[in-house]
Amino acid sequence: VQLQASGGGLVQPGGSLRLSCAASGSIFSINDMGWYRQAPGKQRELVASITSGGRTNYADSVKGRFTISRDGATITVYMNSLKPEDTAVYYCHAGTVVATYWGQGTLVTVSS
């Protein structure tokens, strides 16, 4: 499985961004996909995920502000009301029964 992420960039507090991740390869084996993030000096954490059946899971810190959706082998997370503490490198993730895959990180910076 290969993951190609897009989106990210610089946005002011209160603004919005969209991150997308397209999977290719053995996509039939993917159970869940999602986004993680890692801020400087912090551990990587789950942001949002979605299963093949459409069940979603969000970090408490982003509930009500972020929405994840899935269209086939592509997931998109819509990030609204962004805060400076959302600044991090965001990583796309895909999980199968036997393996975990990561895309390249994309930087999201929330700053005025």
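This is a predicted model: local features need pLDDT of at least 70, side-chain atom pairs count only at pLDDT 80 or more; totals for chains, interfaces and linings use all residues.
**Exercise 1.** State how many aromatic pairs a search of the whole structure finds, and classify the pair of Y36 and W102 as stacked, tilted or edge-to-face.

*Solution.* 
Step 1. The search of the whole structure gives 1 aromatic pair. Its members are Y36 and W102, with 5.0 Å from centre to centre.
Step 2. The angle between the planes is 75°. Angles over 60 degrees count as edge-to-face, so the pair of Y36 and W102 is edge-to-face.
Step 3. Locate both rings. Y36 is in strand β4 (residues 32-38) and W102 in strand β10 (residues 100-102), so the pair ties together parts that lie 66 residues apart in sequence.
Step 4. Check accessibility. Y36 has 22% and is partly exposed; W102, with a relative accessible area of 38%, is also partly exposed.

**Exercise 2.** Find which ring has the charged end of R44 over it at 4.6 Å from the centre, and over which ring's face R44 lies at 3.7 Å.

*Solution.* 
Step 1. At 4.6 Å from the ring centre, the charged end of R44 sits over W102.
Step 2. At 3.7 Å from the ring centre, R44 lies over the face of Y91.

**Exercise 3.** For strand β11, name the residues of the covered face, then work out in which sense β11 pairs with β2 and with β9.

*Solution.* 
Step 1. In a regular strand the side chains alternate between the two faces of the sheet.
Step 2. Apply this to β11, residues 106-110: T106, V108 and V110 make up the covered face, while L107 and T109 are on the uncovered one.
Step 3. Take β2, residues 9-11. This strand pairs with β11 in the parallel sense over 3 bridges, and the bridge partner of L10 in β11 is T109.
Step 4. Take β9, residues 88-95. Here the pairing with β11 is antiparallel, over 3 bridges, and A88 stands opposite V108.

How values were computed. Residues are numbered from 1 along each chain as its sequence is written. Side-chain values use heavy atoms; hydrogens and water are left out. Rings of Phe, Tyr and Trp (its six-membered ring) pair if their centres lie within 6.5 Å; planes under 30 degrees apart count as stacked, over 60 as edge-to-face and the rest as tilted. Helices (H or I, at least four residues) and strands (E, at least two) are DSSP runs, numbered from the N terminus. Buried means under 20% relative accessible area, exposed over 50%, partly exposed in between (1.4 Å probe, protein chains only). A charge sits over a ring if NZ of Lys or CZ of Arg is within 6 Å of the ring centre and within 35 degrees of the ring normal. Two strands pair if DSSP finds at least two bridges between them.
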